[in-house]
Structures are given as C-alpha cells and as structure tokens.
Protein chains: 4
Amino acid sequence: MNGNRFGRLFQVTTFGESHGEAMGCTISGCPAGLELTEEDIQKDLDRRKPGQSMITTSRGEPDDVSIKSGVQDGYTTGTPIGLVIQNKDARSGKYEPFITAPRPSHGDFTYSAKFGTRNWGGGGRSSARETVNWVAAGAIAKKLLEREGIELKAHVNQIGDVEAPDVSFEEMLEHSEENDVRCGHPESAEKMQNLIADYQEEGDSIGGSIEFEARGVPVGLGAPRFDSLSARLGQAMMAVPATTAFEFGLGTEAAEWTGKERNDDWAFDDEGNPTPVENDHGGIQGGISSGEPIYGEVTLHAPTSIPKSQQTADWETGELKEEKVIGRHDPVLPPRGVPVVEAMLALTLVDFMLLSGRLNPDRVDGQPGKYDTDYHPSNPRNE
Amino acid sequence: MNGNRFGRLFQVTTFGESHGEAMGCTISGCPAGLELTEEDIQKDLDRRKPGQSMITTSRGEPDDVSIKSGVQDGYTTGTPIGLVIQNKDARSGKYEPFITAPRPSHGDFTYSAKFGTRNWGGGGRSSARETVNWVAAGAIAKKLLEREGIELKAHVNQIGDVEAPDVSFEEMLEHSEENDVRCGHPESAEKMQNLIADYQEEGDSIGGSIEFEARGVPVGLGAPRFDSLSARLGQAMMAVPATTAFEFGLGTEAAEWTGKERNDDWAFDDEGNPTPVENDHGGIQGGISSGEPIYGEVTLHAPTSIPKSQQTADWETGELKEEKVIGRHDPVLPPRGVPVVEAMLALTLVDFMLLSGRLNPDRVDGQPGKYDTDYHPSNPRNE
Amino acid sequence: MNGNRFGRLFQVTTFGESHGEAMGCTISGCPAGLELTEEDIQKDLDRRKPGQSMITTSRGEPDDVSIKSGVQDGYTTGTPIGLVIQNKDARSGKYEPFITAPRPSHGDFTYSAKFGTRNWGGGGRSSARETVNWVAAGAIAKKLLEREGIELKAHVNQIGDVEAPDVSFEEMLEHSEENDVRCGHPESAEKMQNLIADYQEEGDSIGGSIEFEARGVPVGLGAPRFDSLSARLGQAMMAVPATTAFEFGLGTEAAEWTGKERNDDWAFDDEGNPTPVENDHGGIQGGISSGEPIYGEVTLHAPTSIPKSQQTADWETGELKEEKVIGRHDPVLPPRGVPVVEAMLALTLVDFMLLSGRLNPDRVDGQPGKYDTDYHPSNPRNE
Amino acid sequence: MNGNRFGRLFQVTTFGESHGEAMGCTISGCPAGLELTEEDIQKDLDRRKPGQSMITTSRGEPDDVSIKSGVQDGYTTGTPIGLVIQNKDARSGKYEPFITAPRPSHGDFTYSAKFGTRNWGGGGRSSARETVNWVAAGAIAKKLLEREGIELKAHVNQIGDVEAPDVSFEEMLEHSEENDVRCGHPESAEKMQNLIADYQEEGDSIGGSIEFEARGVPVGLGAPRFDSLSARLGQAMMAVPATTAFEFGLGTEAAEWTGKERNDDWAFDDEGNPTPVENDHGGIQGGISSGEPIYGEVTLHAPTSIPKSQQTADWETGELKEEKVIGRHDPVLPPRGVPVVEAMLALTLVDFMLLSGRLNPDRVDGQPGKYDTDYHPSNPRNE
C-alpha cells in the first residue's frame, strides 16, 4: 500500500512525481449529472501553480488539466473521472549533489531508506508538486458542495511572527485572493510579504499557518469514533506537506478553558430548533457536525529546501559536505497551501455528504445528463 | 463508489470508457526494485488487443501503453505506477440508434437507469475494452510472481458444444498461444474456430469457457472466511465481463462426489512433509492454498452485440423497434478473455503474496534500484 | 488481515472458533429505527443450528443469541450492533488424533502451515460453525430488505445424483422448509433424504447444490467493474464453506448458448417502461441489477469429516496412519447451508441498497426510535 | 458506516454503549504465536478505569476483560481475537432530564439529530467509556511492538494554566504513573492536582494536554501521501474524545521557525550511516519515520458534563431550562486519557509495522504456538 488514495465513497487515487512525465488522479464516486469542464478545475489549479508571484518558485508549470474520462457533453456520467496534468518544466540536473546525500529534514533519506531507491528529481513523489492532484479533485468536490449550499474558504493567518487578527468569513472571501500571501487581512498581508522577502533575500525560508472555515454544513456529518469528522479532518490536514499541527475550534487554547467557559449553552432558533448560542466547539460535537460553521487551523513548517549552506552526509562516499539547495523553491508554503487545505476540506466534507445519504451516490438532483431517463421508475430521483 | 479498484495491498484503480479519449490505471503497492519496461506490459496487451485475428473485432487499436510514473531507469520506485493507453479508433456514430433504445442483455439499460445517463459510445464504461487496464496491471503482477516461482496460464477449453479434452499445464503453455482461439488442444482449436466462423457468418455469437491454472503457489495464501482464496478468486473472475460461472477444483461436479471419493489422503513428500496424494481439492483447503496447483474454470456467455435483428424499446419515442448492432464486435469472448483471466488470477495471487508477508511490500529482494542503500541498517533486507 | 469482515457500508465483523468460548459478530452501518429483537435473529439461527434433524450433526447447540449493543427499547440506534453466541456443547477430545495429522481435504493442514499453530478443537476458525455469525447478521439484513419490498429464498436443488426439477419462487417458499433437506420439491426431497441416509449409514458423505433467488431488487444495484453485483455475489457465495462453484443466470450452460438465444429482447411494461421479455440474463446486466429476479446456484462439496477410515500423515511422528473422524458431523451440507446462502445474499444486497442511496445510512424511514426528533430540521428525513 | 474500525492490517472493530450490557472489540490481523493473557490487557484497562482516584468519576467499573477467541494455551492463533467487557455500574436515571434537552457541547444533540434517536444512558456510544475497547486492543499492539524493541509512553504535560517543563522519556517512564495526574514532572503534578481539586469543588471542569513519545521506531514506516505516518497519527489522535488539537515535532511553534533553524543537518552515526544531528522534525520526514524518536502532543478540552447549572433547550417541550449534569464525571480528562493516547499510538505503529513487512502478518518469530510446525517447509519462517 502506498497511501495514494483518499475517501471512502468519493475516492481520489493519485500518481505522479515532481519531475516525472505527468501527474494524474482518478476520482471515483462522483455522482452523474454534475456540470463539469476543465475550466472548473483549472481555476483552482491556477491558484496553486508555481510561478504565480514573487514569493513562489519560478518553475514554470502551466498545470493544464485534461479530462480523460467520466465526463460527456459537459456532464459527469457517474463513472471514474480520469485527470492528467503534464509536467513541462523539470530540471533534475540541479539535484545531482543530493542523490546520495539527503537534504536536511526532507523526504530524501526516508524514501531512499524505505524503498532502497527513490525518484530523486525534485523530490519525486515526496514533492509538494503532488498536491496538484488534490487540488484538481478538490475542485470537483467543491462544485458538489456548492450545490448543497456548503461554502468553504481558507486564508493565511500567520507567517513567522506576523499574526493576522481574526477575520470574518466574508473578509476571507473578499481579501484573501487579492494579495500574493492569500491573507484575508490586507495590512497583515503586506507585513507578511515584506517578512517573506527578507528571508528570501538571505537565502532562508519561514513557516506559517492557514485558517479554514466551512459554512452551511448540515447537522449529522461524521462517523464516530474512528471516523469522526474531526478524526477524518485530522488525517486530511496532517497529510498536507509540511504540516506539523492541526487544530479545530479552540485548538491548543482549549487546555486552559474550563468546561463552563467552553460549553455553548442551547437556545432556540427562529424555527424553534435547538441551536448553540456560541461556537467555541468549532462546529463539531461528539465527532459529528452541529450545523455551526466548522473552523480550524493548520501549521506548516518552513520549506526545507533553502539556498543556505547546510551539512549533509553522503552515504556513497561516506563524506560530510556543505551543500546549498539550488533548485527553484518557495520561501514559504502557506500562500500556495491555501487551495490545498481547501481541497482537503472539500474532499472530506463531500465524502461525508455521500456517507450520510445527503448526496445521492448515483446522480445529482435536478441536473440530468443529456440522455435523461428521469421519467423512468428505476430512477432513484422519482421514487 | 464505482467499483474501479481491485486489491488490498496491490491496488489497481482504473478509468476510461470504450470511446473516450484514453484508458488508464494506477497501480499502488508494487514494491520498489522490480525491473519494468513498457514492453513487459505491451506483451500481454497485444494478446488482448482487438483486430488480432479473424475472430476478433476489426476495431484497430494499437493499445500502446505509456508509463507516466513509478518507474525510474527501468526499475520501479515503490511509488504509484501511472499507466495511460490512448483510444485511437472510436466510431461512435454506429451506436446512435441505441442511445435511448437499449441493446438486449447489454449494460445500456442498467447504466442509463442507474445514472440517468451513460457514455453511450461503444458501451462506454461497461465495454470489455476496459479490461485493457486489467491486463496492463496483471502484467506487472505476473513479473512479481515469476520472481517467486509462481507460473500461471489460462486457455479456452470450450466454445459452444465443442469441448476440449483435459490438457496438462505444459500443453496449455505449448499450444494455447499457437492458435487464434487460444485452446491448448490443437484439434479442438480447429473445431472451435470453424464453429465460431459459422456463427459469425450467420450474424450470431456464441459462448464458451476458460480454464486456468497456477503452479508454485506456496502453502498459506488466503484470509478466510470472507477473504478466503476461493472467495477472492470468485470476485476477481465474476468481474470478468460476460462471466456467468466460476468453478475451482471439481466445480459443479462436486455435487455428485462422496466425501470418500473427493477427499485427498495425505502422504509424505521426499522431504518428509505432508502432501496430498491427489488434487481433487483444487489447490485450496479451508480457503487457504495447499501448495498443490490451483485450477478452475470460468464460463463466458455469448457477446450480446450481434448483427442479427433484435427487438428493443425506445424510451424516448415509446416505440418498439427491430435493430441490428452494426458496431465492430467479437463473435466470441474467451479467446481475448484468456489474458484477462490470467490478469485477474495474477492480481489476486500477488495481493495475497503481499498480505502473507511472502513479498516485501517496500522492495523486491536482490534487485536493488540504481541508488541502492542496501548496506543501510534501515533497509529491511539487511535486518 | 484475516478476512473476518464483509461489506462496504453494512459491515459485518466476526470472531469465534468451533470449540471456543463464544462466537460473535459486530454489525456496523445498520440504520437507526429498525425494530429488532433477539427473536428476529433466533428464527434464522434455529434453521442453521445443529441437531435439528437426523441428517445434521448431533452436536447440541441452542445457539442463543444475545444483543449486547446497538439496540434500545426494541429499535436499532444506528450504532454498532454487538452479538454474542455462547458455545455450549464442545467435545474437543475427539480430535486428539488429528492435532498433528491433518484430516484429508480439511483446513487442518493449511491453517497449521500458515499460522504455525491452529485452534484444533472441531476445526477451530475453519469450522462451518463460524457461519452462525453470518446467519445472525443476515437476519438483520433481511429485515431491512423486507421493508424495501425485497424477498429472497434459497433451497436445495441437488444432492448427489438426485436433481430436483425447476421450482417457482412460490414453491420454494411453500415447500423448502417443510422437509429436513430444505428442498422446494417434496418428491425430490424424499429421494434426497433417502440417499443421504444411505451414505450416512456407510460412513460416507455426499455433495449437493443450493439454488437462490431474490425478487423486488430495484434496477441499478452494483458497482462495476470490480464490485459489480455478480462479482460481489461471487465473493459472498464462494466464501460459504465447501463451495466449489458459483453460477448466476444460465451459469455454466451459457457456454453453449448463442447470443441470439440468450439475449432478452426489450418490450414495454404497463407503465410504458423498458422491460426484458425473458430473464435468461439472471437479473444482472453489465454487472448492475436489471429489476428482474436475481437467481443463481451454489455447489457444495461433500463434508470432509467422515467416519470412514482415511490415510493421514502425522508430521510429528512422521508416520502414515489410517484414521476415522469420530466427531459429530453432517453427512451433507446444503440443508444447513440454505440459511447461510440466504444470509450472504441478503448481506450483499443490503450493502448495495446503502451504496446506491436507496437506503438512508443514518435512519430508516417511518420507523422512528423512541426519542424521535422527526420534526427536527436537522433530520435528513425532513429535508 | 459508523466508524467503529481502525487499522488497515491490524484491525480493531468495537461495539458498546456507556450504559449498555457490554463493551467489546474484535482484533483482526494479530499474528499467531504471541503470548497473551487477560492480565496483559487488564494492566492497561486498570490505568484507564473509572474510580481509580479522587480526580476520576466515581462510577465503579472493574472493567474485567474476557478473551472469547483467538487465543489457545496462552498463545494467539492468528485468528480474530474477540474481547468482551461487561458493564456493571450503570445508573441511567440520572440522565432523564437530558433525553430531549441536550447537554451543552456534548454529543447528545448531534447523535439525536443524525439518527433520530440515541442511546441516552451516559452518552451511549458517544461516551469516553467506549475507549475501554481501544485500550484493550492497544495492549495487544504494545506487546507486539515491545518484541520489536519499540517503546512508547505518554504523560500529562498541562492542566489549565499549569504547564510542566519538558521531561525526558526516562522521566516520563519513571514518574508519570506515580501520581494521579499522570504527569512525568512531580512538582507540576502536585500543582495540577490542586488546580483540578479547585475546579472540581466549584462544580466546573478544566482542559489539558498529553505529550507522547515512541522510541526505537525503525526508519521507513508510513505510506505517504494520504497515509503518511503523520496523517494516520492525526486521525488516530483526533479520534480521542475531546481532542481539539494534534501536534508532532515543533507543532504550532513551527510557524515561527525559519528553514535554517528547523532543518536538522546530517551526520554519520557510529556505523557510518546518515543520522540527523537533532530531532526538531519529530521523527517523521516526508511522512515516513526517520528512526529518531517520534513525539507530539494532544490537547483535550474540559469535560462538558459539569454540575454547574447550564442552559439547555428541550425540543419536546420547546422550553429553555437550567440544568445541572448530576451523573458521575471526570473533572479533567488527560489523566485517564494517557493510556488511550498510548493505545492509539501503539495501534498506528503496529499497523505500519505490518504494512512495511517488518512484522510477519501470519506469525510471530521465535514464539511458536503449542502445535509448532516450524520444521515444516510451508512455514514462512523457514524459507
């Protein structure tokens, strides 16, 4: 097993290495009748793609996605969706020095030790480039969620010691895509940008964190205990490259809160239904969504590939040597990590929408494909 | 979930429709260090491909496979292997009449009813063309099994009322690839060929069956109860398009045998180990391999797409009509089914070789990749 | 992995050995609100239990089931259902001679070779006794299917060379539980009974087969390719102890039928919907249910444990010896296999009802639990 | 699916509600030949059980575990291990007021909304009582890991605003079980204990956190990307009741570290193999274990059930009311959470030991069961 699958019913299976011929993924379990074009997917790929700004790697990848199957006349058919993204601008030469001398804190050593070999070009399978597949699959998940009235967004809330103040969901939506850092708070974005530039100049990199939020999630998603909504989000987010922490609701702060402080009393909403008066619980109670917004935070450590000289140990020559990682790398990960976090959030939620029966696994409502058989008694929608 | 995955540890995930842009599959769980080229895979694809003889569809597909990832310098890297096979010769026009008028006993109706739509070109996802993915993945499984001394082969033992006499494994190997029918018994092959030609001429098709055998399977494969070796083979073989029966050992005949007749007494082999004196049990006891050859049979019904006029019901016009299926179709399935059955047998066995610990999941023995770290203590092989 | 789980969404997990302290299984994924009592389960357990007639083992097991969780006030709660069945009448002594000298064609040798040990009492885990868990879980599946208008039944259609003529579903229902053999054709039942008595007398055993049929299965169940309805049934039925063949529709006969003969033309039903004029396809087209009855057959070989003297090889002493299996065993398996086959059919169908969204995974309609919140907007049923 | 399963090859399946008849779990995939007694499991259950000190609920549960299958003569047989733990001291009466009026921030509302009902006694399935199953399964995992030289331990490092200074693994081992708080730093333990007592007195509860560490984990565990070691730990730990954050290595601090600061240079160990000079990476690089100790932290929010009066909304009467949760509850969770975190860590690691081929899935080395067949060629160990 090599961990290239995500999802129980909405299943994503990926392949591809950083400097290989192509990246690709297969999406199984997407209901039929969803309007889907390559543009729908490209939109998000462009937000993740390299070379989009001064603070991202200069590697030039158009990341053009091609749909090979599962879509006909602009609608999904309910069968597996095959996506392929060609790699265009790979320059492996730069990595030569590191073939048998692992980059510090990178996956070079662990992959080589595990498999006795590795695709060394640009980090091969361990490269964050692989997340292009996640974002592609996530774009499809988002389209399904939008139909159900579920909105989600992420933004960068910290870079190094620059922390943005809390912003509303609306501010995230309005501002986070306006600046290269993808921070929903313009002033902080500027500070972050300058900080990144400084580290970049001195050949170093810096860490940061991403906040995410989902609205309109119905009550009842999650399969406690081991597949509770928080457990599945934990897996999804901890899979994001360079992630060292996952929090939801109060996160680490919860350690200092008392039960009385944290508990959200119950009131009635306008329809007379129980509703929490606050949302310190983060939208998840007992591992199941409560109907309140789900929010949390993901911490990403600084990129390990830096131009600064570092010591490595060459297992072929047995020599210690000082090396600089010349390749083209990001000085910071969160800005490009935003669409990746959104994708994992979307993939997790859409999977539970299917698992809870909220989404029909065979076909989407009211969006029949071209050869409709809606009148047909065998059509689940007509029963 | 749309059933495009097979295997627990050696995992195959497929995509593609008969007349779509491309077919493809991702193989996860193939250990690193296996020597692998596109030719290794092409060999088997050529045995399955259309247009190879008079008794196969005239559709012209080169079925050239392209390895997109998971292989470096001729060796697997342990990461997902992405394969893509372009579709070249698709002529969907021919299917127009059947868009809303299902072909008799084909998947047209069930797919349309389930999804409210379907990719109607050449049967779309339900086409046997999809098995090109299985054969590609199976070719990799076979390479792994060969290293472990496991040989397997299948051949056509019946077409219509022409039954071949029992043949030995050696005869299968020697003769089955010599004739277009893929029968291990030359005289029978000729009779079958003539029979097929007759049905083809009158615009009809005919059923048949395939025998398979695996040798050198070690004792101890299988995970009873629900994943017993027989249960997993049952799933694997019943997934083969047009299959209506799966048998192993005595198969349906077992109903008439007594316990005393069927039971295989125990003796000792040359090394003084218990070994059955016969193999009426078919190589599986209590759902686990016994070390004896595993053999069985698969029955495939006649192709449903025939030039003969048949009645269909058009759900758009509400009219009954007589239609002939003009497309290019096989008059019989077993000849091209042989590599498919071999592939499913290989995929099932390699999965259990991994599940039983007989195959190291991370890397193949004695076949290090280019950047070997065999001397390394972290290398499982050195401990 | 040791293969003790079945089902994707309706998940059954079992434990227990023939002569261990208890058998048990956990059912996950049963929707809330199903009325369920121990009697509902006991009904089917009594049909499978030993000592029920002259032609079953004399082992006296009441097989009383105890529900440990997942049910409250007579309704399922949607959480895992834990079932335990105590073993009462175990006499392992009888097996002493076979501890290191395997019974012919039994799982003794393969289990010992795989694990280096085995629970030798009465076959331990490999004993058909383990199917008590399957029948218990199957009884719950049946209750869910009945609510959806799906009926299913199995009966014994062959013992040795005595074959029953085809019987209708109604005859199966009416007659198969009237006689000890569980054959839907009374005259054949009598012949079978006599035949069994003869073999029993001479210390031998005999094989046979079971026919099954399911009615009211909606169009659209099945997840081709690898999880097609036929593939999943193949796994389910081949897991049944002693099964050597699985057939659906025409089964092995299909080899001799032409496409024109086997294809079922389309007509319109009273509501003007396409419907096949016959059912030679067995209720499954393209791996998906067609709405027609699903029928098939399972062949079970003769019980391997017989009082007749057989040769075995003792791996401890290195001696060959003649042994009689004294324990209490069935002279034939199909009569007790009928509820087992029904259970596996029910478990497979209910799983697909959930996978297709036909059954709500969280709660059953119109059957609220005691603490109903149906008025609640967060209740999927009200949206 | 209701999320009661954990593990790919070492599979745990649980059942049981807080005030039901019994709790239980089935462990599949434990190799044969492991010496195992009920005492081995009881040891850890006693560390988790209620009523063990002043700062735990006064509910009196002996939590005696009974092994129902999978063990013979003190050794595992390789078949499923069935465990049952009777519930003895359940007093549901106390919960009456909350049947239709959910406890603030508890699972009462979400379970009722999802299933339309719930087992309301003591929180039913959502109760932390269910973790008794996890600890039982974890005890078996620990025994397997010990054989491989893998040690693991957790301790409480924070309660409210009392943070313990960093302690060594040895200190954790030496001190954490000496005090009721399970803190490896005695002075801090005392402060924590007093703080808890204060909150308990005023009818409130408080949060805290648990640190864990594993030593001797070989290089190469983990299946990136989606099943990276960090992702699987993320799921495992976020499943722990009341968990709001999971961190490994630097955790949230990583946001403020530069690449140069965080990267661990490479040196050579005594055998001349690459080894990191520090362990800021937390034992995981590229999602795969690096051979360095794996350490991290889990934050648990304060127990939601508190004697303090809180507002709830009764959906049956439509009234708001002030209620106190009278039941017997813990004022703080980390002390009893320590064995739970250890269990989830052990279950995750043993699963990867099997997935990486480090542990033989069929049988443990050098620990043959009573009926050994080690001399047998079919024994994997001898080949």
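This is a predicted model: local features need pLDDT of at least 70, side-chain atom pairs count only at pLDDT 80 or more; totals for chains, interfaces and linings use all residues.
In total the structure holds 19 cavities of 30 Å³ or more. What lines the largest cavity? Its lining is made up of 50 residues, and those that lie nearest its centre are Arg8(A), Arg5(B), Arg8(B), Arg8(C) and Arg8(D). If you look for the elements that give two or more residues to this lining, you will find strand E1 (5-6) and helix H6 (229-238) of chain A, and likewise strand E1 (5-6) and helix H6 (229-238) of chain B, of chain C and of chain D.

Let me turn to how the chains are arranged. Chain A is superposed on chain D, with an RMSD of 0.0 Å, by a rotation of 180° with 0.0 Å of shift along its axis. The two copies are therefore related as by a two-fold rotation axis. The same surface serves both of them, since 100% of the contact residues of chain A recur in chain D.

Now to the interior. In soluble globular proteins, nonpolar side chains tend to be buried together. The largest nonpolar core here has 325 residues, and the members that touch the most others are Phe10(A), Phe10(B), Phe10(C) and Phe10(D). Helix H8 (residues 334-355) of chain D gives the largest share of this core, namely 14 residues. Taking Phe10(C) as our example, and leaving aside its neighbours within four places in sequence, we find it in contact with several residues, among them Ile27(C), Ala137(C), Leu144(C), Leu347(C) and Leu354(C).

Next, please look at helix H3 (residues 131-147) of chain B, which has 17 residues that at 1.5 Å a residue should span 24 Å, and whose end C-alpha atoms are 25 Å apart, which agrees. Is this helix enclosed or exposed? Of the 17 residues of H3(B), 14 are buried, so the helix is largely enclosed by the rest of the structure. After H3(B) comes Gly149(B), whose phi is positive, near 80°.

Thr26(B) is found in strand E3 (residues 22-28) of chain B, and because its relative accessibility is 0%, where under 20% is the cut-off, Thr26(B) counts as buried. Not counting residues up to four places away in sequence, Thr26(B) touches residues including Thr13(A), Phe15(A) and Thr26(A), as well as Gln11(B) and Pro80(B).

The other residue, Gly296(D), lies in strand E16 (residues 294-300) of chain D, and at 7% relative accessibility Gly296(D) also counts as buried. Leaving out residues up to four places away in sequence, Gly296(D) touches Ile210(D), Glu211(D), Phe212(D), Glu247(D) and Phe248(D). From Gly82(D), by contrast, Gly296(D) is 214 residues apart in sequence and 31 Å apart in space, C-alpha to C-alpha.

Technical notes. Residues are numbered from 1 along each chain as its sequence is written. Chains are lettered from A and ligands numbered from 1 in the order in which they are written. Side-chain values use heavy atoms; hydrogens and water are left out. Copies are superposed by least squares on the C-alpha atoms of residues with pLDDT of at least 70 in both. Contact means heavy atoms within 4.5 Å. A nonpolar core is a set of buried Ala, Val, Leu, Ile, Met, Phe, Trp, Tyr and Cys residues joined through side-chain atoms within 4.5 Å. Buried means under 20% relative accessible area, exposed over 50%, partly exposed in between (1.4 Å probe, protein chains only). Helices (H or I, at least four residues) and strands (E, at least two) are DSSP runs, numbered from the N terminus. The expected span of a helix is 1.5 Å times one less than its number of residues. On a 1 Å grid over the protein atoms alone, a cavity is a set of points where a 1.4 Å probe fits but cannot get out, and a pocket is an open set with protein on both sides within 12 Å along at least five of seven lines; lining residues have an atom within 4 Å of a point. Grid points are joined across faces, edges and corners, and a volume is the space filled by probe spheres set on the points.
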